[in-house]
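I opened this model to look up its strands and a few of its helices. My notes follow in the order I checked things.

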Amino acid sequence: MQVHRASPFLAATAIIFLTLPSPALSAPPSAAEKRADREALKTALMEVLQRAPLKASRVGVYMQSLDDGAVVFSHNADELLNPASNVKLVTSAAALVSLGPEYRYDTEFLVDPELGADGKVKTLYVRGKGDPSITTERMWGIVSELWHTGVREVGEIVVDDSWFDAERTPPGYDQEDTDRPYMAPTGALSLNWNAVAIYLRPGSGPGAKGTVEMEPPSDYFSVENQLTTGSRHSRRVFVKSAPAGSQQKIVVRGVLPEERGAAAKVWKKIDNPPMYFGQTLKQMLATRGVKMKGKVRLGLTPSKAKMLHVSPSDTLDVILKRLNKLSSNFVAEQLIKTMGAELRGAPGSFTKGMDVVEHFLERDVGIPRGTYVMKNGGGLNDANRFSATQLNRLLRHMSERFPFAPEYLSSVPIAGKDGTLKYRFEGSDAVGRLRAKTGTLESVSALSGYVTSAGGERFTFSIMANDFAGRAGPIIAGLDALGAAVAATGSSLGPSNAVAALADSSRPASAINDVAARIKTYLDLGKQRDQRNIGFLRTAWRSERDPAVRAVLAESLYQSNPHDYLGARTLLDSYSATGEVYGRLKEVARVLAVEVPGVSSMVELAAGGNTEALARVLELAGAAGTDPQAQQEMSEALGEVARTAPEELVVALRAASAGDRDASTSLLARALVQAGQADHPFWKSLRRMLGASDPRLAAFAKGLDSTLSQKVAEAKVPPQDGLDPVQVVAPAGAAPRPPSRSGNPPEARTAETSPGG
């Protein structure tokens, strides 16, 4: 274990931070004024909690003054709730205290005792120690260092992953079966956060084969490219990865629109981290000019091996910024195993790491074992339980802990400035004053951290909402209103006015023709897909009050950088199936003779498996009503989602309201008929889900199979002008289908892309 001493500078920094004078220019408030401020704050907070989205949820809130220790507000504060990614506050605190802010990971490169004079290396050993921060760029630097040590030929590469045990994922990850990057496994040797970028580019014209490129390129991947180029409206892309021995198979099929121009990018998790590392290293060495003769294999480094090069990581305080500001599950789980290896002995394991965390919480923070549940370090899925009181206690402890307070606070997102809070709290006193960790899962939203009020008082707070129905946007707005109220304490605006300003719903609905002209301008900017427009679009979105125009601005932000999680988050929070958004945008679409703005982007997110986007698409299908154009558009949308995210679509249908589910299955049946394809992926997935381990999901899949089969039969195109109808045949082994209008059986359909924060 590495031992680190706190520098005098760090200790001084912590002291300065915690003893800063009040930023207020006026004299400190009197006791009476402080009591009045506290009462105004309590009134504002209770007002927010009584609003419909939060009132119908399980909510725990705890706020405390760092200045005098008084509990400012408490609501269900001792109830154990799912904190989602707020668990990363626990993981980062334990790692910072246990390992020290100056801790570095070392990745070692060794050779047999004698390096030949001609630069020939029989075996290059690579021994990992869990570094979560090695990227393609760093690996190029490592290759350069190896070249300059004289390496010119390598027989084989042995990757030594033994610093961690063989269990790749912690409890909670078993609740999902997906290849998405937020599920990346751990590894003592890891590269690019154990995810890979897959770039997709259309061909020269309709029908031309598309291009699939891996970044970084590596023999670890086996690519099956069935990507073609289609018309402007074509966007059916399916990307799937799966283990293939010592390789990983990437399957890409579907159609990419010719107009896209720049390459689309999809991220997938890596299945075998050490082999990914080793194969990529081999290719980079060959590119640098090193002759590679042998293979890459797993193995142990012999004790007699000679150290050739050591690549140190950044210090832990820098790594924590990626953990908390970007909410990286991968970094969190790497830290858990690192603590296990360093303090309990190699190999590092989740069990050993959790023991270190629990010891820290009990000994240092005063939270006894058994009073909470923590199964993983990142907060993924339904695996953890903490109370708002407990998280607040941790935050208070870390603010008083020398010399870790500055590093801990600097790792947390700043409202309106960076990380997962970059685009939240805009226009409120919380911007720049509030630092907090976000947390988002299905039916879970959380926010915990620190805030300095306008009056100069410092607070810790923890807010968690569980078991809410519908989309997360209104819940997040409620959490932001709570934070904004605290930040406005002591200001001329006051907590209640701050809440009203942040949640202002008095947005004027302009005449459709006027709105259409403005929307056309923003649509044109979005089509440019130019990141240089983001600043302008963000300012316009922040100041816009018409909800339909805000939704279009959000789509243009997303289109300007589809790979930015926060842009997607803005779109999801701004776009709804309500009359004031989707209803008015349908009118605008008729005026401008375009597709309904926002739908294609929402479908793109849903086709990538985004849970919220899937729910929104089903809501839009329900809101299409009897409008033929809207029905056709949503039918095509559901067809695309069914092709690329079939299992996720079934889960979303199960969670949808009865009305939205009925409308969606009718439109989906129409899409399946129009597809005219006998091996549609949706049927395959639905059949697999009939045998799901969850009996409730299996029962739903069975009912959906029956309902959808009936609707497919009803949606068949009747014979016209001597043409044969579209035939829809049941998937192999399916239950008997109702007869079609012509007496023939229906046709067989034998039968993804940040985060969270």
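The model, a predicted one, has an open sheet of 5 strands, ordered S2-S1-S17-S16-S15, and the pairing is antiparallel. I checked the edges next. They are strand S2 (71–75) and strand S15 (434–441), each pairing on one side only.

I then went to one pair. Strand S16 (residues 444–452) runs antiparallel to strand S17 (residues 458–466), with 9 bridges between them. Val451 sits opposite Phe459 of S17.

What packs on the sheet? I found helix H2 (residues 31–49), which touches strand S1 (58–65), S2 and S17. The direction of H2 makes about 20 degrees with that of S2.

**Helix H8**

I checked the length of helix H8 (residues 329–344). Its 16 residues should span 22 Å at 1.5 Å a residue, and the end C-alpha atoms are 22 Å apart, so the two agree. I counted 14 of the 16 residues of H8 as buried, so H8 is largely enclosed by the rest of the structure. Just after H8 comes Gly345, with a positive phi of about 100 degrees.

**H14 against H18**

I looked up how helix H14 (residues 512–527) meets helix H18 (residues 579–592). Their axes come within 9 Å and cross at roughly 80 degrees. Angles of 65 to 115 degrees count as roughly perpendicular, so H14 is roughly perpendicular to H18. I listed the contact residues, including Ile512, Ile519 and Leu523 of H14 and Arg584, Leu585 and Val588 of H18. The contact divides into 9 nonpolar, 1 polar and 3 charged residues.

Terms used: Residues numbered from 1 in each chain as written. Predicted model: local features only at pLDDT ≥ 70, side-chain atom pairs only at ≥ 80, totals over all residues. Heavy atoms only, no water. Axes fitted to C-alpha atoms, helices over the stretch in contact; angles between N-to-C directions. Helix = DSSP H or I, 4+ residues; strand = E, 2+ residues; numbered from the N terminus. Parallel < 35°, antiparallel > 145°, perpendicular 65-115°, else oblique. Contact = heavy atoms within 4.5 Å. Nonpolar A, V, L, I, M, F, W, Y, C, P; charged D, E, K, R; others polar. Expected span 1.5 Å × (residues − 1). Buried < 20%, exposed > 50% of the residue type's maximum accessible area, 1.4 Å probe, protein only. Pairing = 2+ DSSP bridges.
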